[in-house]
Amino acid sequence: MTSILNPTELKQQRRLLVIWCITFLIIFPFLISLGLMMRMNQGGLADLPPNTFYSYMTMHGLGMAGILFSITLGAANYLISSRYVKLKIGFQYFVYFLILIGFLTLIFATIIGGFAAGWYVLYPLPFIGASWPAWSTALTTVSLIVLGVAWLLGSMHVLLALAKRYGGFSRLMGWNYIVGKTPDEPLPPMAMIATVALVPAVLSFLSAAVFLVMFLFQYFEPSLAFDPLFMKNMIFFFGHVIVNITMYLAVGWVYTLLPEYSKRDWGVDRIFAISWNGSFIFIIFAYLHHLYMDFAQPSGLQFAGQIASYLSAVPVTVVTMFGVIGQLYHSKVKWTMVPFVFLLGTMGWAIGGFAALVDSTIYVNKVLHNTLWVPAHFHTYMLAGVVLYIFGFLYYFSTPEAERKTENYSKLGIWIYLIGVYGFLLMFYLGGMNSVPRRYDKYVGITVGDVQSTGMLLARIAAYFVMAILAGLLVMYVSLITRIAKKFNE
Amino acid sequence: MIPNNLFLSIQTSAAIVSLLGAILVVCIVLFIIGTSSVDEEKHQAKGKVYKLRVKYFYGLMAAIVLLLFFTMQTLPYFKHKTTRSDEVVTVVGAQWAWKMDHGTTEVKAKEFEGLNDITLPSNKVIQFNVMSADVNHNFAIYNDKGDIVAQTQAMPNYTNHLQYTFEERGEYHILCLEYCGMAHAYMTGSIHIE
Ligand code: HEM
Ligand SMILES: [Cu+2]
């Protein structure tokens with residue numbers, strides 16, 4: 001694929017991507033080890049004070065969601081800038097450093113400061129009965145504002161550049177395809193998918209900005225009280241959208257790169273455009289399924305939540321997943337790392353997505369809500385979906401075409417990783433099935449049936465699978481890190 | 001109306017359905033990998049997949065409409081409006097204890113007094129009016145086997161009405177299912193059914 005950038009610009013862009021990749025490869029296992037300690041604590045293999053457990057949980061949740069979105073944005077920046085429309089390199093560095101500062105501040109506020117209100121900082125928990133110092137609440141709020149601003153700027157930068165290049169929002173949303181006017185210059189899938197992902201993202205960052213500023217008001221004026229149901233809607237809108245669109249943004253490069261391996265074209269057409277316009281709407285309304293057990297929420301919104309959740313499966317499976325099958329079926333593709341990992345990522349997405357659909361049924365949610373079923377499903381499409389797409393991208397980026405066959409370490413590593421991931425996930429699902437609650441630092445206080453012993457046993461087994469995940473990553477890192485680092489000077 | 005448990009608990013059925021879904025997905029992936037070396041002209045191969053896709057689309061839409069129709073027959077939200085309850089119980093979640101008492105209350109959630117266990121009759125429609133004195137909690141009822149049978153959020157400023165009929169005599173248990181601070185995992189209570 002030829003680049004629209006001149007060699008110097010391309011080199012700069014490549015260097016920034018290397019920095020992004022290395023940052024991700026360092027932070028990711030760090031956050032996994034927090035997860036490992038949580039599982040060990042729940043299984044009785046470790047003994048953390050409650051505040052330590054919950055501050056790890058907070059850092060892990062915010063950190064994972066944040067780093068995966070950030071690396072995905074970084075990768076999308078690289079692809080868009082090198083192929084479709086040049087993005088300002090200085091501005092990208094600015095966003096990178098802002099994100100880095102936000103991350104370091106967040107780590108300080110949680111791991112050292114002890115802030116422990118969970119990723120969703122559910123109002124009014126940060127302000128009532130907190131066992132951590134007030135400054136760590138303030139510092140977390142500030143770090144999230146820094147991250148939010150960075151993501152907002154990074155997203156706007158991409159959206160504005162794309163809009164300028166392809167003639168505005170309606171073009172980017174493919175509306176001309178929908179009405180039957182195929183443009184002379186075809187719209188790349190990545191451009192449309194980035195739009196569908198980043199416009200809701202911008203809305204969600206604005207929603208986050210509003211409640212974070214409300215947090216700051218509350219911090220300085222403790223007598224204030226905001227409506228908790230309204231705050232809950234805001235936070236879940238933000239949290240759901242950012243995780244959801246991380247997956248979509250990553251799918252953008254699957255659309256872009258898979259055809260290079262299958263040798264089959266995969267472009268925007270009318271059905272593609274209709275489908276991604278559908279996704280746009282479902283992204284915005286699906287978050288409502290997080291509030292099913294808030295009976296005070298207007299019931300119209302509860303219906304909307306289930307309908308939007310169900311319908312979101314239509315474009316994803318009909319267009320994207322069938323699209324992947326259409327790319328690979330009888331294609332004589334060579335199963336090197338990239339196509340293999342893209343296919344497996346799609347598999348994880350489908351499995352996790354299906355488990356999510358089951359839980360997005362109100363009738364089912366009333367017994368699965370806030371059990372381990374919830375982390376089970378989203379860890380599936382993150383660990384077995386998005387993360388694999390990211391590794392696919394890293395291999396694409398770091399391994400020249402000619403060398404892509406001989407990847408014994410990578411293959412071994414990915415297999416160990418996969419065994420670890422599916423074992424770890426299975427324990428979460430079994431926990432959910434057995435009504436083990438989520439967000440419990442220990443299960444010893446549960447005296448109902450055998451929930452306690454089941455929960456502890458599953459957590460212990462899961463801890464060993466997590467160690468396998470870390471081992472698998474280590475094996476992959478052996479070759480991956482040097483290859484990526486080499487790209488810095490290429 | 002769909003009964004609460006047809007043969008298996010809802011959670012077991014959900015797990016089985018999800019497992020079957022996962023197996024189907026894995027089979028599709030294995031099939032694609034296994035047959036990928038077959039040489040077929042690309043438009044022809046894609047054409048076959050897209051033909052199947054049309055059938056899948058109609059099947060999926062039909063399934064969604066049917067499932068929405070059936071699963072939305074019994075929602076937990078309106079029961080207290082449509083069914084008369086035999087007994088009302090006030091429940092207040094507070095950091096970190098459940099307070100329960102018979103009847104409605106006039107006092108604010110913060111001032112409410114109650115105990116973390118209560119005795120209730122079997123086979124009567126019980127309405128729990130659930131509130132919170134401080135942060136978000138979640139009032140979840142477990143049967144003695146350890147399965148969740150019903151739940152609702154306990155939220156400051158709002159009252160959530162949860163209706164449930166206990167069919168079996170004996171012990172039911174309460175856990176908190178919304179993270180509410182340090183002792184969240186120890187915020188328990190019990191319900192004796194006579
Ligand atoms: C091997 C990797 C991982 C391990 C071992 C792990 C482990 C855990 C554990 C033990 C919990 C607490 C579960 C509970 O409620 O009891 C958790 C929560 C969570 N994890 Fe992970 N996780 C991993 C990867 C990820 C990834 C890739 C994401 C990406 C989004 C993620 C996001 C979250 C979030 C958002 C929470 C909820 C935090 C909260 O409740 O405030 N995790 N994880
Ligand atoms: Cu709680």
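1. Let's start with charge in chain A. Its 28 positive and 17 negative charges have mean positions 7 Å apart. For the counting, Lys and Arg are positive, Asp and Glu negative, and His and the chain ends are left out. Each charge is placed at NZ of Lys, CZ of Arg, CG of Asp or CD of Glu. In chain B, 15 positive and 18 negative charges have mean positions 15 Å apart.

2. A word on what you're looking at. This is a predicted model, where local features need pLDDT of at least 70, side-chain atom pairs count only at pLDDT 80 or more, and totals for chains, interfaces and linings use all residues. Residues are numbered from 1 along each chain as its sequence is written, chains are lettered from A and ligands numbered from 1 in the order in which they are written, and side-chain values use heavy atoms, with hydrogens and water left out.

3. On to the make-up of the chains. Chain A has 16 helices and 0 strands, while chain B has 3 helices and 9 strands. Helices here are DSSP runs of H or I with at least four residues, strands are E runs of at least two, and both are numbered from the N terminus.

4. How spread out is chain B? Its radius of gyration is 24 Å, well over the 16 Å that the globule rule gives for 194 residues, so chain B is more spread out than a compact globule. That radius is taken over C-alpha atoms, and the rule is 2.2 Å times the number of residues to the power 0.38. The C-alpha trace of chain B spans about 75 × 40 × 30 Å along its principal axes.

5. Chain A gets the same check. A compact globule of 490 residues would have a radius of gyration near 23 Å, and chain A comes out at 22 Å, which agrees. Its C-alpha trace spans about 65 × 45 × 40 Å along the principal axes.

6. Next, burial and surface. Of the 490 residues in chain A, 67% are buried; of the 194 in chain B, 48% are. Buried means under 20% relative accessible area, exposed over 50%, and partly exposed in between, using a 1.4 Å probe and protein chains only. Chain A exposes about 16200 Å², with carbon and sulfur atoms supplying 71% of it. Chain B has an accessible surface of about 9800 Å², 60% of it from carbon and sulfur atoms. The areas come from the Shrake-Rupley method with a 1.4 Å probe, and for residues only the protein chains shown count as cover.

7. Contacts are worth a look too. Taking contacts with a separation of 6 or more, residues 24 or more positions apart account for 82% in chain A and for 60% in chain B. A contact means heavy atoms within 4.5 Å.

8. Helix α4 of chain A (residues 134-166) passes a simple length check. At 1.5 Å a residue its 33 residues should span 48 Å, and the end C-alpha atoms are 48 Å apart, which agrees. The expected span is 1.5 Å times one less than the number of residues. Just after α4(A), G167(A) takes a positive phi of about 85 degrees.

9. Now some backbone details. Most residues other than glycine have a negative phi, and most peptide bonds are trans. In the loop between α3 (89-112) and α4 of chain A sits P124(A), and the bond from Y123(A) to P124(A) is cis, with omega near 0 degrees. V121(A) is in the loop between α3 and α4 as well; its phi is near 35 degrees, a positive value in a residue other than glycine. V121(A) counts as buried at 4% relative accessibility.

10. At 58% relative accessibility, K263(A) counts as exposed. Over in chain B, the bond from Q95(B) to W96(B) is cis, with omega near -5 degrees, and W96(B) lies in the loop between β1 (87-94) and β2 (97-102).

11. Finally, S132(B) belongs to strand β4 (residues 125-132) of chain B and is buried at 5% relative accessibility. Leaving out residues up to four places away in sequence, S132(B) touches V92(B), G93(B), A109(B), H137(B), A154(B), M155(B) and P156(B). S132(B) and K51(B) are 81 residues apart in sequence and 54 Å apart in space, C-alpha to C-alpha.
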